[in-house]
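Good morning, and thank you for coming. I would ask you to keep the sequence and the model in view while I speak.

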Amino acid sequence: YAEKANCTDWKEMEKMVQLSFDYSTPFYLTVNAIRIVEEQMPILQQLLADYKSIGGEKVIISDISLMKTLNEMGLAVTISSCANIRNQYSAQLMKELGCERIIFPRDITIEEIREIKENVPEVEYEVFLSNSGCKFSDGNCLGLHGTEVGALCDYCRKAVPEFYQV
């Protein structure tokens, strides 16, 4: 098992993927960068190929530009909360692009969820029940979350407001 939620090497990743099969539990590789740039694609494509070679089947993404690559590789796609799917039209587009599951942003309302689900019922949906205290939308986040580096939103919450006149 992994000491933390993130695997630190491929041997550990392979073990986690195998354990997920042993326990009939899905395993997702999460690529939550808000935007993948062209220079990153060859490295990411190799990472995804390696993941698939050890039995990986499912990926969570934020940047929908990865959809075509993932579909061609035969990997099941979940759209992350960081992609900010907030209405039926964006959910419909994700379905048409090949996603099978959408994780809603942390600050979406029950009524918004109901409308999306009623209009795009073919997709599986996930909702956070706890917001981890962050008052900002994941898809617009500029911080790093974790106690080891601190989070921008935590800094903003504790900062003393200063006002300037120009």
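Ser20 counts as buried because its relative accessibility is 9%; buried means under 20% relative accessible area, exposed means over 50%, and partly exposed lies in between, with a 1.4 Å probe and protein chains only. Ser20 is found in helix α1. Setting aside residues up to four places away in sequence, Ser20 touches Thr25, Pro26 and Phe27, where contact means heavy atoms within 4.5 Å.

Before I continue, a word on the source. This is a predicted model, in which local features need pLDDT of at least 70 and side-chain atom pairs count only at pLDDT 80 or more, while totals for chains, interfaces and linings use all residues. Residues are numbered from 1 along each chain as its sequence is written, and side-chain values use heavy atoms, with hydrogens and water left out.

Let me now turn to the overall arrangement. The protein has six helices and five strands; helices (H or I, at least four residues) and strands (E, at least two) are DSSP runs, numbered from the N terminus. Read from the N terminus on, the elements run α-β-α-β-α-β-α-β-α-β-α. Of the 166 residues of the protein, 35% count as buried. The accessible surface comes to about 11,200 Å², and 54% of this surface belongs to carbon and sulfur atoms; such areas come from the Shrake-Rupley method with a 1.4 Å probe, and for residues only the protein chains shown count as cover. Among the contacts with a separation of 6 or more, 49% are accounted for by residues 24 or more positions apart.

Next, the packing of helices. Two packed helices are described by the angle between their axes and the distance between the axes. How do α1 and α2 cross? The axes of helix α1 (residues 10–22) and helix α2 (residues 41–53) come within 10 Å and cross at roughly 45°. Axes here are lines fitted to C-alpha atoms, for helices over the stretch in contact, and angles run from 0 to 180 degrees between N-to-C directions. That makes α1 oblique to α2; angles under 35 degrees count as roughly parallel, over 145 as roughly antiparallel, 65 to 115 as roughly perpendicular, and the rest as oblique. The crossing of α1 and α2 is right-handed, a term used if the near helix is turned clockwise from the far one by less than a right angle, anticlockwise being left-handed.

The contact is made by Trp10, Met13 and Val17 of α1 together with Leu47, Asp50 and Tyr51 of α2. By class, this contact of α1 with α2 has five nonpolar residues, no polar residues and one charged residue. Ala, Val, Leu, Ile, Met, Phe, Trp, Tyr, Cys and Pro count as nonpolar, Asp, Glu, Lys and Arg as charged, and the others, Gly among them, as polar.

Leu47, in helix α2, deserves a moment. At 31% relative accessibility, Leu47 counts as partly exposed. Leu47 and Trp10 are 37 residues apart in sequence, and their C-alpha atoms are 9.9 Å apart in space. Apart from neighbours within four places in sequence, Leu47 is in contact with Trp10 and Leu29.

Helix α4 (residues 88–97) and helix α5 (residues 110–119) pack at an angle of about 40°, with their axes 9 Å apart. The two helices α4 and α5 are therefore oblique to each other, and α4 passes α5 in a right-handed crossing. Here Gln88, Ala91 and Gln92 in α4 meet Glu115, Ile116 and Asn119 in α5. By class, the contact of α4 with α5 has two nonpolar, three polar and one charged residues.

Finally, the backbone. Most residues other than glycine have a negative phi. Ser24, in the loop between α1 and β1 (28–31), has a positive phi near 50°, and Ser24 is exposed, with a relative accessible area of 67%. Asn84, in the loop between β3 (76–79) and α4, also has a positive phi, near 60°.
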